[in-house]
Amino acid sequence: MGDLFQSFSVSASGMAAQSSRLRHVSENIANADTPGYHRKLTPFREVMQGGRTTGAVEAAPVRLDDTELPEVFDPSHPMAGEDGFYLGSNVDLVIEIADAREAQRSYEANLKMFDQARQMTRSLLEILRK
(Lines give C-alpha, C1' and ligand atoms only; values in the text may rest on other atoms or scores of the structure.)
Protein backbone atom coordinates (compact mmCIF):
# COMPACT_ATOMS: atom_id res chain seq x y z
CA MET A 1 0.00 0.00 0.00
CA GLY A 2 2.93 2.30 0.72
CA ASP A 3 4.15 1.86 -2.86
CA LEU A 4 0.80 3.10 -4.16
CA PHE A 5 1.01 6.21 -2.00
CA GLN A 6 4.60 6.71 -3.18
CA SER A 7 3.37 6.60 -6.79
CA PHE A 8 0.89 9.38 -5.95
CA SER A 9 3.78 11.50 -4.72
CA VAL A 10 5.97 10.77 -7.71
CA SER A 11 3.17 11.50 -10.20
CA ALA A 12 2.14 14.69 -8.43
CA SER A 13 5.72 15.96 -8.36
CA GLY A 14 6.06 15.23 -12.07
CA MET A 15 2.86 17.15 -12.83
CA ALA A 16 4.02 20.13 -10.73
CA ALA A 17 7.44 20.17 -12.41
CA GLN A 18 5.99 19.96 -15.93
CA SER A 19 3.46 22.64 -15.07
CA SER A 20 6.31 24.95 -14.05
CA ARG A 21 8.17 24.11 -17.25
CA LEU A 22 5.09 24.84 -19.36
CA ARG A 23 4.62 28.20 -17.60
CA HIS A 24 8.17 29.24 -18.47
CA VAL A 25 7.81 28.04 -22.06
CA SER A 26 4.68 30.21 -22.30
CA GLU A 27 6.61 33.20 -20.96
CA ASN A 28 9.33 32.57 -23.54
CA ILE A 29 6.80 32.47 -26.39
CA ALA A 30 5.13 35.64 -25.12
CA ASN A 31 8.49 37.44 -25.08
CA ALA A 32 9.90 36.10 -28.33
CA ASP A 33 9.93 39.59 -29.85
CA THR A 34 11.02 41.45 -26.70
CA PRO A 35 14.41 43.08 -27.27
CA GLY A 36 17.11 41.82 -24.90
CA TYR A 37 14.98 38.92 -23.60
CA HIS A 38 16.88 35.77 -22.58
CA ARG A 39 15.06 32.46 -22.86
CA LYS A 40 14.18 30.84 -19.51
CA LEU A 41 15.19 27.22 -18.93
CA THR A 42 13.55 24.99 -16.32
CA PRO A 43 15.92 22.26 -15.11
CA PHE A 44 14.63 19.40 -12.95
CA ARG A 45 16.29 17.72 -10.00
CA GLU A 46 15.55 14.60 -8.01
CA VAL A 47 13.97 14.96 -4.59
CA MET A 48 16.21 13.46 -1.93
CA GLN A 49 15.01 12.30 1.47
CA GLY A 50 17.30 10.88 4.10
CA GLY A 51 20.20 10.79 1.65
CA ARG A 52 18.40 8.72 -0.97
CA THR A 53 16.20 9.50 -3.94
CA THR A 54 12.43 9.29 -3.59
CA GLY A 55 11.72 9.01 -7.31
CA ALA A 56 10.05 12.42 -7.22
CA VAL A 57 11.30 15.46 -9.11
CA GLU A 58 11.03 19.19 -8.67
CA ALA A 59 11.73 22.19 -10.82
CA ALA A 60 15.12 23.64 -9.93
CA PRO A 61 15.63 27.41 -9.97
CA VAL A 62 15.11 28.92 -13.41
CA ARG A 63 18.22 29.59 -15.47
CA LEU A 64 18.56 32.03 -18.31
CA ASP A 65 19.84 30.73 -21.64
CA ASP A 66 23.29 32.27 -22.09
CA THR A 67 23.19 32.00 -25.87
CA GLU A 68 24.20 35.29 -27.44
CA LEU A 69 21.37 37.62 -28.34
CA PRO A 70 21.11 38.25 -32.08
CA GLU A 71 21.77 41.72 -33.41
CA VAL A 72 18.78 43.01 -35.33
CA PHE A 73 19.15 45.77 -37.88
CA ASP A 74 16.28 48.25 -37.67
CA PRO A 75 17.36 51.87 -37.59
CA SER A 76 13.78 52.98 -36.86
CA HIS A 77 13.57 50.92 -33.65
CA PRO A 78 13.71 53.07 -30.50
CA MET A 79 16.34 50.79 -28.94
CA ALA A 80 18.61 50.83 -31.99
CA GLY A 81 22.03 52.34 -31.56
CA GLU A 82 23.67 54.79 -33.91
CA ASP A 83 24.65 51.89 -36.16
CA GLY A 84 20.94 50.85 -36.49
CA PHE A 85 21.30 47.58 -34.51
CA TYR A 86 19.66 46.43 -31.28
CA LEU A 87 19.82 43.14 -29.35
CA GLY A 88 16.90 40.84 -30.08
CA SER A 89 15.68 37.78 -28.19
CA ASN A 90 17.28 34.33 -28.17
CA VAL A 91 13.89 32.59 -28.17
CA ASP A 92 13.38 30.10 -31.02
CA LEU A 93 9.65 29.49 -31.47
CA VAL A 94 10.16 26.03 -33.01
CA ILE A 95 12.12 24.90 -29.93
CA GLU A 96 9.58 26.45 -27.57
CA ILE A 97 6.66 24.73 -29.29
CA ALA A 98 8.50 21.39 -29.14
CA ASP A 99 9.27 21.96 -25.44
CA ALA A 100 5.63 22.85 -24.80
CA ARG A 101 4.44 19.68 -26.50
CA GLU A 102 6.92 17.57 -24.53
CA ALA A 103 5.90 19.19 -21.23
CA GLN A 104 2.22 18.66 -22.03
CA ARG A 105 2.71 15.00 -22.88
CA SER A 106 4.84 14.40 -19.80
CA TYR A 107 2.17 16.06 -17.67
CA GLU A 108 -0.49 13.83 -19.24
CA ALA A 109 1.63 10.71 -18.63
CA ASN A 110 2.02 11.62 -14.95
CA LEU A 111 -1.72 12.30 -14.72
CA LYS A 112 -2.42 8.87 -16.21
CA MET A 113 -0.06 7.24 -13.69
CA PHE A 114 -1.78 9.12 -10.85
CA ASP A 115 -5.20 7.95 -12.09
CA GLN A 116 -4.01 4.33 -12.41
CA ALA A 117 -2.70 4.39 -8.83
CA ARG A 118 -5.99 5.90 -7.66
CA GLN A 119 -7.98 3.14 -9.38
CA MET A 120 -5.71 0.45 -7.91
CA THR A 121 -6.11 1.96 -4.44
CA ARG A 122 -9.89 2.04 -4.83
CA SER A 123 -9.92 -1.62 -5.96
CA LEU A 124 -7.67 -2.64 -3.09
CA LEU A 125 -9.89 -0.88 -0.54
CA GLU A 126 -12.98 -2.57 -1.99
CA ILE A 127 -11.29 -5.98 -1.64
CA LEU A 128 -10.28 -5.24 1.95
CA ARG A 129 -13.84 -4.20 2.88
CA LYS A 130 -15.21 -7.60 1.86
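Tutor: Let's start with Arg-118, which is partly exposed at 31% relative accessibility; on this scale buried means under 20% relative accessible area, exposed over 50%, and partly exposed in between, with a 1.4 Å probe and protein chains only. This is a predicted model, so local features need pLDDT of at least 70 and side-chain atom pairs count only at pLDDT 80 or more, while totals for chains, interfaces and linings use all residues. Residues are numbered from 1 along each chain as its sequence is written, and side-chain values use heavy atoms, leaving out hydrogens and water.

The partner of Arg-118 is Asp-115: they form a salt bridge (a side-chain nitrogen of Lys or Arg within 4 Å of a carboxyl oxygen of Asp or Glu), and their closest N and O atoms are 2.4 Å apart. Both residues sit in helix H2, three residues apart, about one turn of the helix; helices (H or I, at least four residues) and strands (E, at least two) are DSSP runs numbered from the N terminus. Asp-115 is also partly exposed, with 22% relative accessibility. Elsewhere, salt bridges with shared partners tie Arg-21, Arg-39, Asp-65, Glu-96, Asp-99 and Glu-102 into one network.

Let's look into that network. Glu-96 and Arg-39 meet through their side chains in a salt bridge of 2.3 Å, N to O. This pair links distant parts of the chain, since Glu-96 belongs to helix H2 and Arg-39 to the loop between H1 and S1, 57 residues apart. Glu-96 is buried at 1% relative accessibility, and Arg-39 is buried as well, with a relative accessible area of 12%.

Across the whole structure, a search finds eight salt bridges. Another of them joins Lys-40 to Glu-27, with the closest N and O atoms 2.6 Å apart. Here, too, distant parts of the chain are linked: Lys-40 is in strand S1 (residues 40–41) and Glu-27 in helix H1 (residues 2–30), 13 residues apart. Lys-40 is partly exposed, its relative accessible area being 26%, and Glu-27 is partly exposed at 25%. As a general point, side chains of opposite charge can pair when their charged atoms come close.

Together with Ile-29 and Leu-93, Ile-97 forms a nonpolar patch on the surface, with about 250 Å² of accessible area in total.

Technical notes. Patches are made of residues with over 30% relative accessible area and no salt bridge: like charges are joined within 9 Å, nonpolar side chains (Val, Leu, Ile, Met, Phe, Trp, Tyr) within 5 Å. Accessible areas come from the Shrake-Rupley method with a 1.4 Å probe; for residues, only the protein chains shown count as cover.
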